[in-house]
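I opened a new model today. These are my notes on what I looked up.

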Amino acid sequence: MNDLKKTASILDKILKIASVAIKIVSVALVVGLGILAAAFLLDLDPHMVGTGYDHADLGFVTFTVSENYLPDHRIIWCEVAMEMFLSLICMVPAHFSVKAIRNILAPMKNGEPFHNTVSTNLRKLANYTCALGIGLNLQKIISNILLVKAYDLHLLLLSEKVSHVEFMFVFDLSFLVVYGILLLLSYIFRYGEELQQLSDETL
């Protein structure tokens with residue numbers, strides 16, 4: 001039981017730091033969106049806002065586009081703004097996920113693994129995980145679509161050796177496995193809570 005309390009306490013401290021980090025990232029994203037909005041309204045020079053307009057990153061491949069084929073910097077700003085906005089949305093379930101885990105750990109720090117709040121928070125965590133998984137997938141797919149459109153990668157990649165270019169945007173459903181595991185754990189802990197309640201009533 002002491003090991004449980006110690007481990008729960010350590011994890012809670014780590015998650016407290018993670019919670020602060022999520023808030024810092026959220027503020028940074030809001031500031032970034034504000035800068036881009038000001039750049040649009042004031043029509044600022046693109047190099048005052050950022051650099052790397054000639055780079056297109058596709059995971060393990062990075063293209064450097066020649067100056068004659070660079071897209072309008074406003075299109076790049078729209079792409080970056082959309083990525084920031086979607087990342088900011090993902091911060092919401094991430095924040096509540098950390099909060100739910102800390103609520104799960106709270107009774108465990110007191111040596112009560114089958115407290116009646118654990119199963120409830122596990123269900124909440126499962127839902128937050130599902131929302132986060134959907135959000136991250138949408139962020140990745142929309143970001144890639146905007147990147148392809150912004151740099152017109154179809155034309156950039158076509159050559160005498162390449163006759164056709166096709167982009168596939170895959171929705172990763174692996175988060176559903178985590179969702180299912182967390183739901184199963186919530187049922188297990190709820191059963192444990194019922195047994196604990198019966199035991200307490202018997203005593």
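Which residues is serine 186 in contact with, leaving aside its neighbours within four places in sequence? I found Ser119, Leu122 and Arg123. Contact here means heavy atoms within 4.5 Å.

I kept the ground rules in view. This is a predicted model, where local features need pLDDT of at least 70, side-chain atom pairs count only at pLDDT 80 or more, and totals for chains, interfaces and linings use all residues. Residues are numbered from 1 along each chain as its sequence is written, and side-chain values use heavy atoms, with hydrogens and water left out.

I placed serine 186 next. Serine 186 sits in helix α6, residues 175-202; a helix is a DSSP run of H or I, at least four residues, numbered from the N terminus. Serine 186 counts as buried because its relative accessibility is 0% (buried is under 20% relative accessible area, with a 1.4 Å probe and protein chains only). A polar atom of the serine 186 side chain lies 2.5 Å from the backbone oxygen of leucine 183.

Last, I took the whole chain. The C-alpha trace spans about 80 × 40 × 25 Å along its principal axes.

Definitions and conventions: Helices (H or I, at least four residues) and strands (E, at least two) are DSSP runs, numbered from the N terminus. Buried means under 20% relative accessible area, exposed over 50%, partly exposed in between (1.4 Å probe, protein chains only). A polar contact is a pair of N or O atoms within 3.5 Å; within protein, one must be able to donate a hydrogen and the other to accept it, and residues adjacent in sequence count only if both atoms are side-chain atoms.
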